[in-house]
Amino acid sequence: MSCRRFRDMIEAYIMGEISPSERELFERHMENCDSCMRELQESGYVIERIRNMEDWVNIGKEVLAMSKKEIGKRAVKRKWVPGKLFPAMAACFCMTVAVLACSILAFPSFAASIAPRFPLVKSMVEAREENDQLKQQVEEIEKENEVLKLEIKKIKDVEIVQVNTSDTVSEEERYTIQALVIDFVRAQYRGDVEWIRNACTQEFAKHAEELVKDKKGEVVFTQITNVAKEGDLYLVFVRLNDTSSEDDADYQENFELVKENGKFLVSFVGLDA
Amino acid sequence: MEELELLEAVKKGDREAFAKIVEKYHDRLYFTAFGITHSSWDALDICQETFIKVFTGIKRVKDLSRFGTWINRILVNKCMDYYRKSKNLVIGEAVEKGTDEMGFSPEGIDLARAILSLNKEARTAVILRYYQGLSIKEISAVQGCPEGTVKSRLNNALKELRKKLCKGYEMEV
Ligand SMILES: [Zn+2]
């Protein structure tokens, strides 16, 4: 049989798509025909390199992981809108965003010039710009009454920087809520779904399992806001990192709580990278 | 859980099931989009938008057994949109520099250049076939063209790639 016919079979042979009988004929021809054999080897080489394309591409695992998280967030369409928070809370948010932007953009792969095109970073940058304006307004208020203060606090056994925003909740309530949030994060890292379910509102408890996903390693708390109140919602942000990934960038969990029968329950947790 | 069960759950809006599907397909789709566009950031964008479209559009999909084809079709269409939108950009610019921290590594530059020399349809077929391992039939469904067209695209592309990648390459016999 002619070489032409066998050459047409090379691709299918490499892809494992020819029948056993054809295969035998094919292999016999290859053994006896140098030029077909060469084409087979070259095609095999090309296909193998494309198959292993991932080996030739640099992309951090953390970037892929963040992308997956971002998809989850976007699918839920539940977004934290800084503009809606009252000014003092927004001031605290813009501080954390500044810290956040630094740590995010410090990702080795996030060259600043191209980083803004990544949707997650894009929204971060937008948030930062929005917050820069907000910050200016807030700074004026801030000068007058110095609502924005950093304080080292001891909550349970954790020493943590508290960002003071406003004083709409009592010291006692604030401690209760912050302690709850810290325990909540620890339960996430323990993978204690049951604990989390009990700490959430009935509605939000449905997401308990999602909330323990991807939480690995030792948790390290770095910052917590004091508690702001908006309508019936109590808002508190906590910044943390863990030992599971190589970079030690902080991320942020935004908690919303409600008070039901004198008990605080978590009604929403949003992630900010 | 079987993929079909997961997909049925996603259809009902189950976000946990959706997360599992994302986990399963994300990286593969990312590298596919990257192979086609040669732009890390756009590939991430395309990949994310593909999943959002899956999440919102899955309710209308009757035959979930062909989910793999469907999601690839969305992805590939988005890659083609990308080309339409970035007509004026030099595609794969970063490849030439070979220095960006995300993108082809220096050892992969020859591969990058070779793939980039193909037209976008051929490049897409090559990535779907050799990176993802799809069948000719699946690729014809993804690209919306006859199987014969896919075959000849692959044939010509392989010839091109051999020329570029095997030049001076001594095969061990
Ligand atoms: Zn021959």
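Mentor: Chain B has 173 residues, and 54% of them count as buried. Please keep in mind that this is a predicted model.

Trainee: What does the secondary structure of chain B come to?
Mentor: Chain B holds 9 helices and 1 strand. Along the sequence, the pattern reads α-α-α-α-α-β-α-α-α-α.

Trainee: And the contacts in chain B, how much of them comes from residues 24 or more positions apart?
Mentor: Among contacts with a separation of 6 or more, such residues account for 62% in chain B.

Trainee: What about the accessible surface of chain B?
Mentor: That surface comes to about 8,200 Å², and carbon and sulfur atoms contribute 48% of it.

Trainee: Changing topic to chain A: how many residues does helix H3 have, and how far does it reach?
Mentor: Helix H3 of chain A covers residues 20–32, which is 13 residues. From first C-alpha to last, H3(A) reaches 19 Å, close to the 18 Å expected at 1.5 Å a residue.

Trainee: Which residues of H3(A) are buried?
Mentor: They are Phe26(A), His29(A) and Met30(A). These residues lie on the same side of H3(A) because they cover an arc of only 100 degrees around the axis.

Trainee: What do the buried residues of H3(A) pack against?
Mentor: They pack against three helices of chain A: H1 (3–7), H2 (10–14) and H4 (34–51).

Trainee: Then which residues are exposed on the other side of H3(A)?
Mentor: Pro20(A), Ser21(A), Glu24(A), Glu31(A) and Asn32(A) are exposed there.

Terms used: Residues are numbered from 1 along each chain as its sequence is written. Chains are lettered from A and ligands numbered from 1 in the order in which they are written. This is a predicted model: local features need pLDDT of at least 70, side-chain atom pairs count only at pLDDT 80 or more; totals for chains, interfaces and linings use all residues. Side-chain values use heavy atoms; hydrogens and water are left out. Helices (H or I, at least four residues) and strands (E, at least two) are DSSP runs, numbered from the N terminus. The expected span of a helix is 1.5 Å times one less than its number of residues. Buried means under 20% relative accessible area, exposed over 50%, partly exposed in between (1.4 Å probe, protein chains only). The arc is that of the directions from the helix axis to the C-beta atoms. Contact means heavy atoms within 4.5 Å. Accessible areas come from the Shrake-Rupley method with a 1.4 Å probe; for residues, only the protein chains shown count as cover.
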